[in-house]
Amino acid sequence: MPNHAYSVLRCVQVGEFKMLCMRNPWRYHEWNGRWSDGSEEWEEHPEVAEALQKETDNDGIFWMEFSDWKSVWSEMNIITDIPAKRSLFHTELDDEDQEE
């Protein structure tokens with residue numbers, strides 16, 4: 001789905017496969033390519049399904065191989081928790097502003 005944010009929940013390498021677990025927060029429009037729910041890759045590589053604890057719920061969560069991910073998405077934004085305390089970097093910037 002274009003212009004829509006998906007979450008990357010997990011990144012796991014199983015043997016030669018670099019896999020991403022993705023989540024659509026709207027809970028529908030899952031990936032339907034390789035490694036999608038019900039695709040033949042899961043049956044051809046049961047060790048991957050076992051390692052990833054694969055489920056086939058229609059919950060917006062799906063797996064895809066990293067090579068497919070790169071062909072679908074052109075950018076990634078990473079959001080981290082913002083620490084409660086201001087960092088030393090910000091403190092130094094404030095000190096420089098006060099000196100001017």
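Reader: Why does Phe66 count as partly exposed?

Author: Keep in mind that this is a predicted model. Phe66 has a relative accessible area of 32%. Buried means under 20% and exposed means over 50%, so at 32% Phe66 falls in between and gets the label partly exposed.

Reader: And what makes Trp69 buried?

Author: Its relative accessible area is 12%. That is under the 20% cut-off, so Trp69 counts as buried.

Reader: Let's talk rings. How many aromatic pairs does the structure hold?

Author: Six aromatic pairs turn up. Take Trp35 and Trp42: their ring centres sit 4.8 Å apart, with 80° between the planes.

Reader: Why is the pair of Trp35 and Trp42 called edge-to-face?

Author: Two checks. The centres, at 4.8 Å, lie within 6.5 Å, so the rings pair. The planes, at 80°, are over 60 degrees apart, so the pair is edge-to-face.

Reader: Is Trp35 buried or exposed, and what about Trp42, buried or exposed?

Author: Trp35 has 1% relative accessibility and Trp42 has 9%. Each value is under 20%, so both residues count as buried.

Reader: Back to Phe66 and Trp69, then. What makes their aromatic pair stacked?

Author: Centre to centre they are 5.8 Å apart, which is within 6.5 Å, so Phe66 and Trp69 pair. The angle between the planes is 15°, under 30 degrees, so stacked is the word.

Reader: Where do Phe66 and Trp69 lie?

Author: In helix H3, residues 66–72, three residues apart, or about one turn of the helix. They also belong to one aromatic cluster with Tyr6, Phe62 and Trp73.

Reader: Now the strands. How do you know that E1 and E2 pair?

Author: Strand E1 (residues 7–14) and E2 share seven bridges in the antiparallel sense. At least two are needed, so they pair. Two residues separate the strands in their hairpin, where Gly15 takes a positive phi near 60°.

Reader: What makes E2 mostly covered?

Author: Of the seven residues in E2 (residues 17–23), five are buried. Across the whole protein chain of 100 residues, buried residues make up 28%.

Methods. Residues numbered from 1 in each chain as written. Predicted model: local features only at pLDDT ≥ 70, side-chain atom pairs only at ≥ 80, totals over all residues. Heavy atoms only, no water. Buried < 20%, exposed > 50% of the residue type's maximum accessible area, 1.4 Å probe, protein only. Helix = DSSP H or I, 4+ residues; strand = E, 2+ residues; numbered from the N terminus.
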